[in-house]
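Please look over the sequence and the structure shown here before reading on.

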Amino acid sequence: MKKLTVVLLVLAVAVAGVFAQSAAETNSGKVGGNLVIYSPNSDALVEAAYVFGETYGITVDVLSMGSGEVAERVVSEAGNPQADVWYGGVNFANGNKYASYFEPYVAAGNEKLPEAYQNQNGCVTRYCLDGSAALLINVDVFKQLGLNPDEFKGYNDLLRPELKGHIAMGNAASSSSAWAELTNMLLVMGEKPYDEAAWAWVEKFCAQLNGTILSSSSAIYKGTVNGEYAVGVSYEDPCVGLLENGATNVRLVYPTEGAVWLPAGAAILKGAKNMSNAKLFMDWLISDAGQAEIGKTTARPVNPAITNTSANMPAFATINVAYEDLAFCADHKAEWQSRFADIVQKTSK
């Protein structure tokens, strides 16, 4: 009996040592392992994921691609996911459409966020606010076209004849940022939100594109800063990133007609091979440390208590901020994407 007691005591001490070591590793912040991420995010927000990895000693691998391609992979890889997290592009509509492919998880600290930005379906963590109506203008190209960049104020200025064929826009049928831009236009350019007058304006705008629809969100702002386009119909984060990196030939214009900010989301893929690290990433995204890191990378944190945003981001008080009916837009997404595609085809002839 004494021998059994001694053995049990040794085992107890060994187990205690293991738990103590685990706690020490957790307290040190180093947990190790891997995390594979699919992301349509800009370089700035992708960098935040690598900061997470450095913080916890996790090897992070980010595969950058458009939201449409991420969705295709998530669906085709169901049951054997090759990534752990879909980071960015999980808007209200995608969050519900692909919910069956996501692991249910509510990140720690979710209750600290404004109610409108909290996890609403049990699997999507909102971590930053995307400015969906950012018009990036190339000052040099404007002058070459005989236009005064100081006079460019918003959407209606996109209809100036001189700009025809010099505007870059994404495909609202496959790009989350282009879809957000379309719904922003439909919200503010009619006599009332989402009416036929707004669609009539969209048709005039599409005629201005002269068939230029880009498949990559990054091609829009990179092409504009490189002088390929006079205007890039983009979103705030990467455009501010260009300014942060010293670009002096471009300006960021928020439409005077109204600009929407949408909560960007991330989700864990069901059956993720690195599940514990994926959950830790969700926790970190909305932690004070994660939100502060996002604030450094030119995105607006979803937590209003975090205020370390870029000096190149004007305060909301100086912008005509508009508020989108997320559920209404989600309900009409397929219909509106099809209609947009028809308009693009019609106006490209």
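**Briefing on the predicted model**

The crossing of helices α2 and α10 is right-handed in this model, which is predicted.

**Where α2 meets α10**

- From the α2 side, Ala-48, Ala-49, Val-51, Phe-52 and Tyr-56 take part in the contact, and they meet Asn-277, Leu-280, Phe-281 and Trp-284 of α10.
- Sorted by class, this contact of α2 with α10 is made up of 8 nonpolar residues and 1 polar residue, with no charged residues.

**Two residues and their surroundings**

- Gln-291 is found in helix α11, which spans residues 288–296, and this residue counts as buried because its relative accessibility is 0%.
- Apart from neighbours within four places in sequence, Gln-291 is in contact with a set of residues that includes Tyr-127, Trp-284, Pro-301, Asn-303 and Asn-308.
- Phe-92 belongs to helix α4, residues 92–97, and with a relative accessibility of 22% Phe-92 counts as partly exposed.
- When neighbours within four places in sequence are left aside, Phe-92 is in contact with Gln-120, Arg-126, Leu-326, Ala-327 and Ala-330.
- The C-alpha atom of Phe-92 is separated by 8.9 Å from that of Val-124, although the two residues are 32 residues apart along the chain.

**Salt bridges**

- The structure holds 8 salt bridges, and one of them joins Glu-69 to Arg-73, with 3.3 Å between the closest N and O atoms.
- Glu-69 and Arg-73 are separated by about one helical turn, because they are 4 residues apart in helix α3, residues 67–76.
- Glu-69 counts as partly exposed at 36% relative accessibility, and Arg-73 counts as partly exposed at 28%.
- Glu-196 and Arg-339 meet through their side chains in a salt bridge of 2.7 Å, N to O.
- This pair links distant parts of the chain, since Glu-196 is in helix α7 (residues 196–209) and Arg-339 is in helix α13 (residues 333–347), 143 residues apart.
- Glu-196 counts as exposed at 52% relative accessibility, whereas Arg-339 is partly exposed at 29%.
- A salt bridge also forms between Lys-346 and Glu-203, whose closest N and O atoms are 2.7 Å apart.
- Lys-346 lies in α13 and Glu-203 in α7, so this pair ties together parts that are 143 residues apart in sequence.
- Lys-346 counts as exposed at 52% relative accessibility, whereas Glu-203 counts as partly exposed at 28%.

Notes:
Residues numbered from 1 in each chain as written. Predicted model: local features only at pLDDT ≥ 70, side-chain atom pairs only at ≥ 80, totals over all residues. Heavy atoms only, no water. Left-handed = near helix turned anticlockwise from the far one by under 90°. Helix = DSSP H or I, 4+ residues; strand = E, 2+ residues; numbered from the N terminus. Contact = heavy atoms within 4.5 Å. Nonpolar A, V, L, I, M, F, W, Y, C, P; charged D, E, K, R; others polar. Buried < 20%, exposed > 50% of the residue type's maximum accessible area, 1.4 Å probe, protein only. Salt bridge = Lys/Arg side-chain N within 4 Å of Asp/Glu carboxyl O.
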